[in-house]
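Hi there,

Here is the structure I promised to pass on. Please have a look, and my notes follow below.

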Amino acid sequence: MSLESKSIFQMEKEIADLRELLRSKEQELRVLKECEGSKTHLSVEKLSKDDIERFSRQIIIPSIGVKGQQLMKGASVLIVGAGGLGCPAAQYLTGSGIGHIGLVDYDEVDRSNLHRQLLHSQENIGVSKVSSAAEALRRLNSNVRISEHSLQLDSSNALNIVQQYDVVIDATDNVATRYLLNDACVISGKPLVSGSALRLEGQLTVYNHHQGPCYRCIFPKPPPPETVTNCGDGGVLGAVPGVIGVLQALEAIKIVLGWTGVLSGQLLLFSGEQSTFRNIRLRAKNPSCDVCGDHPLITKLIDYEQFCGAKATDKESGLSLLKQEQRVSPETLHRSFICKNEGIVIDVRDSEEFNMCALPNSINIPLKKLEEVTTIQKIKEILDSRKKNEENFPVYVLCRRGNDSQRAVLKLEQSLGNENVAVCDLEGGLHAWARAIDSSFPIY
């Protein structure tokens, strides 16, 4: 048929078909670029009758369609951390039909997890978080393959695990693991969806995606350990990690589908208090970056706890700042203060924690206030009213786990040097008190 004999309608139809073909090829090209350098390539899986019925509401979205659902079915996502971020991310990825999900966590379900880690239930307290989450996910979608990695991720095992997946989600709560995952993803050629949540705020970005920056490009050096707060110490409203975790799942799906608009080179900031989202642009990929730069210095995984000066866990490690004679056991404190009313007890937790639970007749003076002259004067006035002419009047200092109390003892010894007092801390803090003396005392 000659060009002259073709109708306008036929020509418009051919143009529309070519545009659709071009769009399809562009999407395939994006997926291929995403997989470039990866040992695990996204595969296209045939959809079953169950798949079509289950995922029909998203298959009918033009930008997903059957091909997109097939890509999701053939994709694999690793979620590191089965907690406040990892639970909603895993739940929505399982619900969306991602074919293979890996879960990594070393911890067990604790009662304090339940307000935000909603894959876990009361019945699973004390159970491995990975096992608990996997059980819930299989109930949601038994067709999804769930791989359980119930272990502490470290330099000896991270590469082997990361290389098995197409996309990695960082749902952890410590700096050492963030650097570990970043370096493992760069070396393995995997995109890293990174989220965090604390108190009423959350953050989200994607590293190592389509020539975007990695975590080290933005943070070449780790922050001082004492400046880092996790949700175990700072608190978090459960819905906030829920929001960020769901958005992490969304970013992973967008990467699998090869969509544009992935949060690479951008940081999403969420305020739960104001219910606002804000995007800020991050620095571009750094050509001098130690791990993803033009001449990388890091080509294998290192000791990240040593690099960061902090443990690669969400648990606060025990400090050892005092001599043993400066510390007392729960039993000694009970005999002296509770039974004999000897000395005073200063609780250096924040007021919100003190109001939740406290020892009878203890005095709440938060650690940060011990720097204030007026606070020290107040303590001296209390001592004057209590100790009279006693020598080595006992001043017991306590906190949640026995770490801040050690810092407080050092401050008080310096400030009360001439007050003829014996300052010591409760070893193990209120957690030790609950275990040894009063099992009804809340552990949080």
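Let me begin with asparagine 361, which sits in the loop between helix H13 (351-356) and strand S11 (363-364); helices (H or I, at least four residues) and strands (E, at least two) are DSSP runs, numbered from the N terminus. Its phi is near 65 degrees, a positive value in a residue other than glycine. Asparagine 361 is exposed, with a relative accessible area of 68% (buried means under 20%, exposed over 50%, partly exposed in between, using a 1.4 Å probe and protein chains only). Asparagine 341 also has a positive phi, of about 55 degrees, without being a glycine, and belongs to the loop between helix H12 (330-339) and strand S10 (344-347).

Some background: this is a predicted model, where local features need pLDDT of at least 70 and side-chain atom pairs count only at pLDDT 80 or more, while totals for chains, interfaces and linings use all residues. Residues are numbered from 1 along each chain as its sequence is written, and side-chain values use heavy atoms, with hydrogens and water left out.

The average pLDDT (the predictor's confidence in each residue, from 0 to 100) is 92, and 91% of the residues score at least 70. Over residues 33-40 pLDDT stays under 50, and the model has 19 contacts for them beyond four places in sequence (contact means heavy atoms within 4.5 Å).

Now to the annotated site. An unreviewed UniProt entry gives a "binding site" whose residues include Ser112 and Asp173; UniProt positions follow the numbering used here, feature names are shortened, and annotations may be inferred rather than shown by experiment. Serine 112 lies in the loop between strand S2 (100-104) and helix H5 (129-140) and is partly exposed at 36% relative accessible area. Its side chain makes a polar contact with the side chain of aspartate 110 (2.7 Å); such a contact is a pair of N or O atoms within 3.5 Å, where within protein one must be able to donate a hydrogen and the other to accept it, and residues adjacent in sequence count only if both atoms are side-chain atoms. Aspartate 173, in the loop between strand S4 (167-170) and helix H7 (175-188), is partly exposed at 22%. A polar atom of the aspartate 173 side chain lies 3.2 Å from the backbone nitrogen of cysteine 231.

Finally, isoleucine 169: leaving aside neighbours within four places in sequence, its contacts include Val77, Leu93, Val193 and Ala252.

Best wishes
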